[in-house]
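This report goes through side-chain packing in one protein chain. The sequence and structure come first.

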Amino acid sequence: MGHLFRKSYHPPGTAPGTLPEHRTTQAAARVHVVRYRGPEVADHADCDLEQCLPLEEQGILWCHLQGQPNPAQLARLREIFSLHPLAVEDVGNHGQRPKADLFDDSAFAILNQPRWEDGSIVLDQVSLFLGRNFVVTVHSGPHDPFPPIRHRLRATNRHFTNLGAPYLAYTVIDMVVDQAFPVMEELGTQIAELEDRVLDKAERSTYEQIHGLRRELLVLRRQFWPTRDMLGKLMRDGAERFGDETLPYMRDVHDHTIQIMDLLESYREMTASMVDVFMSAVNHRLNEVMKVLTVIATIFIPLTFLVGVYGMNFAHPDSPWAMPELYAYYGYPVLWLVMLTIAGAMMHAFRRRGWF
């Protein structure tokens, strides 16, 4: 979980726009280029960034980089598309907060796509550049999430063609945001199972899972609060870049983030209430144990008194104050009978009062 809260930084004093240092073990990101104009779609997978040239061709260009680009790719990306150096620097640094920056000839947005991996939530950073006739996306995860968009583009690209690059940018943002719904569904299933376990039997492992869920929800909340603000900024300040035709679609994505936030708040309240229920169950269980122990101790109090009295052994044949029971022929079994009678009577009285 700790890696979700870490962010990469340059050393203090580094010049703005400095690209991250190259790591010898870092492989180059895979490049996927799609050009389309009307019904014509050219799809090139596992190609080079030079495939994006020339930019002056008519139509829309979508350049997607899958994986973390190395500094050479970032530098070439900046040269080809004339991207702002501060935005390119953010692409190279992981752990960025979702945000949107507007420049003179482009818009830049960062989102984080949640997904499940080995039973925990992993965030993949998605960077997006929107230009006049191009869209550049960088996905830091191991798997490309955008084949459905390419399929839609090849199948029927009327909106992609008529609304241009802004509609393609909207489609990418919409898909990244909607990836949270399967994650939220899985979280809801886990919360329902934990509720049943808490009510059935409160165990330490159950509490640890509740605490883990609360951390997962905190991670998602830290991502979707700024995502909602980022979309609001794009709709408010970037209206000229997206156009009046695309803004209704952007408002729909904004509504999705609000739905996700509502689910997050509901789940957070449910997990908080589960902690209270868990503590109540633990206290109830402790009270039941203490009640049983108290009943047992109470039953043995008079028995201990009798054993203590008859264990003093003050026996003298000539003393009128001696214990005559010590010389009784049936004294020992009579004492046991009295003790068992007292214990049975007390247990019957406790049961009638509902103490156990």
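## Basis

The model is predicted, and local features are taken only where pLDDT is at least 70. For side-chain atom pairs the limit is pLDDT 80 or more.

## Nonpolar cores

The largest nonpolar core holds 57 residues, and the members that touch the most others are Ile173 and Leu187. Helix H4 supplies the largest share of this core, with 12 residues. A second core of 24 residues is separate, and Cys52, Leu55, Phe81 and Val136 are among its members. As a general background, nonpolar side chains in soluble globular proteins tend to be buried together.

Contacts of leucine 187, apart from neighbours within four places in sequence, are Trp116, Ile121, Leu213, Glu216, Leu217, Leu220 and Tyr267.

## Aromatic contacts

Eight aromatic pairs occur in the structure. One of them joins phenylalanine 160 and tyrosine 167 in an edge-to-face arrangement, with 5.1 Å from centre to centre and 85 degrees between the planes. Phenylalanine 160 has a relative accessible area of 2% and is buried; tyrosine 167, at 5%, is buried as well. Both values count as buried because the cut-off is under 20% relative accessible area.

Phe160 and Tyr167 also belong to one aromatic cluster, together with Tyr36, Tyr170 and Tyr249. Elsewhere, a charged side chain meets a ring: arginine 150 lies over the face of tryptophan 62, 5.1 Å from the ring centre.

## Aspartate 174

Which helix contains aspartate 174? The residue lies in H4, which spans residues 158–178. Aspartate 174 is buried but has no salt bridge. Arginine 152 is the nearest side chain of opposite charge, 5.5 Å away. That distance does not qualify because a salt bridge requires a side-chain nitrogen of Lys or Arg within 4 Å of a carboxyl oxygen of Asp or Glu.

Beyond residues up to four places away in sequence, aspartate 174 touches Asp252, Val253 and His256.

## Glutamine 113

Is glutamine 113 buried or exposed? Its relative accessible area is 5%, so glutamine 113 counts as buried. This glutamine is part of strand E5, residues 107–117.

With residues up to four places away in sequence left out, glutamine 113 touches Val122, Leu123, Asp124, Val126, His139, Pro145, Val176 and Gln179. The C-alpha atoms of glutamine 113 and glutamine 125 are 6.3 Å apart in space, while the two residues are 12 residues apart in sequence.

Notes: Residues are numbered from 1 along each chain as its sequence is written. Side-chain values use heavy atoms; hydrogens and water are left out. Rings of Phe, Tyr and Trp (its six-membered ring) pair if their centres lie within 6.5 Å; planes under 30 degrees apart count as stacked, over 60 as edge-to-face and the rest as tilted. Buried means under 20% relative accessible area, exposed over 50%, partly exposed in between (1.4 Å probe, protein chains only). A charge sits over a ring if NZ of Lys or CZ of Arg is within 6 Å of the ring centre and within 35 degrees of the ring normal. Helices (H or I, at least four residues) and strands (E, at least two) are DSSP runs, numbered from the N terminus. Lys and Arg count as positive and Asp and Glu as negative; His and the chain ends are not counted. Contact means heavy atoms within 4.5 Å. A nonpolar core is a set of buried Ala, Val, Leu, Ile, Met, Phe, Trp, Tyr and Cys residues joined through side-chain atoms within 4.5 Å.
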